[in-house]
Amino acid sequence: EMTGFVDLYTEGNTFLHRLDPRVKIASVVLLTVLGFVLTSLVSLLVLLAFIFLLLLLARASVDRTMFALKFVLRFMALIVVLWPFFDPAGEPVLATFGPVKITEPAIWRGVTSAVRVGCLATVWYILIFTTSQRDLVRALVKLGVRFDFGLALAIALRFFPTLGLTIDSIKDAQRARGLELDRGGLTRRAKNYVAVLVPVIVSSLRTAETLALALQSRAYGARADRTYLRELHMRPADYAVLASVVVILLVPSVLRFLLGVPV
């Protein structure tokens, strides 16, 4: 049974940590939109490199960074492998497996889609690595979100990595008991994974109960009005960063949608 929690937030005094959390939320949303605006592989690779540079500036530990990125990298690899099998358009044809054709353009489209998914996923780690749960909830409330919804979102972001670690721990425990999860056909594998699914559900329910008791012990919801230890205030640096991200999004958008220039 796993008793510890994984929190991707890393305490620090970097430029990203000092930014107003509202600016970070707006920036990652705008960069997410940019991931959909860009269409060329080169542009998406530049965006991904920029995101990784920001992650480097966040100074998160290598262990936490790799723990967060391993899921994204696996999904990207899966897209690259499977995409050509479902997108046969284009020439030249590199291989044929019965009715399935593998074409060179499909491979590049798969790589492009994988890089886009990488951008859309990793950009949110900038927010998670550099913003505490308290500041995230406060920023969402300042942006007009009800406190209940803001807290629910912050808790979800907080415990997603925990759920992944729980699944890995349970799979390791079942393998230690002799359960071979990856042996046999599809039906047998599905039955084997029931031994993982049930403990994951039980563990998640226990975590939810513990969290509910923790909130109840702190008199959550006892009063309608709320007070905050620290208020959020925008600084000139916050406005400058927000303006820069807006420009980064506007330039490719104007080029693509108004001037018809592929980006």
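Helices (H or I, at least four residues) and strands (E, at least two) are DSSP runs, numbered from the N terminus. V81, for one, lies in helix α4.

## The model at a glance

This is a predicted model: local features need pLDDT of at least 70, side-chain atom pairs count only at pLDDT 80 or more, and totals for chains, interfaces and linings use all residues. Residues are numbered from 1 along each chain as its sequence is written, and side-chain values use heavy atoms, with hydrogens and water left out.

The protein chain has nine helices and two strands, running α-α-α-α-β-β-α-α-α-α-α along the sequence. Its C-alpha atoms fill a box of roughly 65 × 60 × 30 Å, taken along the principal axes.

## How α2 packs

Let's start with α5 (residues 104–130): α2 packs against α5 at about 175 degrees, with the axes 9 Å apart (axes are lines fitted to C-alpha atoms, for helices over the stretch in contact, and angles run from 0 to 180 degrees between N-to-C directions). That makes α2 roughly antiparallel to α5 (the term covers angles over 145 degrees). On the α2 side, the residues in contact (heavy atoms within 4.5 Å) are K24, I25, V28, V29, L31, T32, G35 and F36, and they meet R116, L120, V123, W124, L127 and T130 in α5.

Now for α6 (residues 133–142): its axis and that of α2 (residues 21–37) come within 8 Å and cross at roughly 80 degrees. The two helices are therefore roughly perpendicular to each other (65 to 115 degrees). Here P21, R22 and I25 of α2 meet D135, L136, A139, L140 and K142 of α6. I25 also turns up in the contact with α5.

F75, L78, V81, L82, F85, F86 and F97 make a nonpolar surface patch of about 740 Å². Patch residues have over 30% relative accessible area and no salt bridge, and nonpolar side chains (Val, Leu, Ile, Met, Phe, Trp, Tyr) are joined within 5 Å. Accessible areas come from the Shrake-Rupley method with a 1.4 Å probe, and a salt bridge is a side-chain nitrogen of Lys or Arg within 4 Å of a carboxyl oxygen of Asp or Glu. Helix α4 (residues 62–86) gives the largest share of the patch, six residues.

## A cis proline

The peptide bond from E91 to P92 is cis, with omega near 0 degrees. P92 sits in the loop between α4 and β1 (93–97).

Conventions
Parallel < 35°, antiparallel > 145°, perpendicular 65-115°, else oblique. Patch = residues over 30% accessible without salt bridge, like charges linked within 9 Å, V, L, I, M, F, W, Y side chains within 5 Å.
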